[in-house]
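Please read the following note with the sequence and the model side by side.

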Amino acid sequence: MFRDELSLSLGIISVISWSVAEIPQIMTNYSNKSIEGVSIAFLTTWMLGDIFNVVGCLMEPASLPVQFYTAVLYTLATLVLYVQSIYYGHIYPRLMKNRRNHHVVDVEEPLLHEEAKRPSTKSMLCVVSVFLFLGTFNMLSGSRSMDLRGKDRVFVVGGARKLLEVTSGNSGETSNIGMWLGWAMAAIYMGGRLPQICMNIRRGHVEGLSPLMFFFAFVGNVTYVASILVNSVEWSKIEPNLPWLVDSGGCAVLDFLILLQFFYFGCRKVEKDSDKKKHETGEEAV
């Protein structure tokens, strides 16, 4: 009983973490009026994984309504990032160029621009609160749906950004469609981190990228793995969820590497600023 409750709690934390994961990056892009720090390949693979998630929920008869709603929620959040990449990457620069070419000068424009660059804390909290509510409500609704389905099925809870795996309590068989999509999503989600890691190394910094997005993703993946392992470590229970375990475990490692990049590039920037300051001080002394 305790294991079931702990597994459910970890699953809820996982879903909530994923529900708010992309909000910091969305707000960062809005503030900077740029999406330069985010790899388009990373966003593309994330979007593909979310589409697989939604399609899998529609094709899998045993999937719960909460799975579909949660999958749609994740897809919409990624879609916002994708729209931002198009707008700030192509449309916004042209609008600014046209404005400069027409010599449109507005005395209040700088003030409005600064105001737009810094979204209010109240707005941020409102957005986060909505996503937290939706994530929690979906997860709790899902747990109730599980109880109403009867005892002929065993539901492994811990949605993360994947399909919830459903196994039969009598035969232990799993859906071939669900397993195939699970491995496909594992390859897509893990592969998507690599372009972002390589892009950070190539640029030599992580400016424009929100560390909170990868922190929440890390928490979501770790708690998802824990929610399954806490429930049972028997191979018969782990095997049906193996694609999701491999995916979450692998993504957690890659998310941690990206967080280390934030730390490494941050320390290097501090050292460069310190050396520059010492050099300037030495020149003034001479």
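1. K33 is buried, with a relative accessible area of 14%, where buried means under 20% relative accessible area, exposed over 50% and partly exposed in between, using a 1.4 Å probe and protein chains only. K33 lies in the loop between helix 2 (23-32) and helix 3, and K33 has a positive phi of about 55 degrees although it is not a glycine.

2. Please keep the basis in mind: this is a predicted model, in which local features need pLDDT of at least 70 and side-chain atom pairs count only at pLDDT 80 or more, while totals for chains, interfaces and linings use all residues. Residues are numbered from 1 along each chain as its sequence is written, and side-chain values use heavy atoms, with hydrogens and water left out.

3. The loop between helix 2 and helix 3 also holds S39, which is buried, with a relative accessible area of 5%. A polar atom of the S39 side chain lies 3.3 Å from the backbone nitrogen of A41. Leaving aside neighbours within four places in sequence, S39 is in contact with P195, Q196 and M199, contact meaning heavy atoms within 4.5 Å.

4. M59 is found in helix 3 (residues 40-59), helices being DSSP runs of H or I with at least four residues, numbered from the N terminus. With a relative accessible area of 46%, M59 is partly exposed.

5. Which residues make the nonpolar surface patch of about 450 Å²? They are L48, I51, V55, L58 and M59; patches are made of residues with over 30% relative accessible area and no salt bridge, and nonpolar side chains are joined within 5 Å.

How values were computed: Patches are made of residues with over 30% relative accessible area and no salt bridge: like charges are joined within 9 Å, nonpolar side chains (Val, Leu, Ile, Met, Phe, Trp, Tyr) within 5 Å. Accessible areas come from the Shrake-Rupley method with a 1.4 Å probe; for residues, only the protein chains shown count as cover. A salt bridge is a side-chain nitrogen of Lys or Arg within 4 Å of a carboxyl oxygen of Asp or Glu. Helices (H or I, at least four residues) and strands (E, at least two) are DSSP runs, numbered from the N terminus. A polar contact is a pair of N or O atoms within 3.5 Å; within protein, one must be able to donate a hydrogen and the other to accept it, and residues adjacent in sequence count only if both atoms are side-chain atoms.
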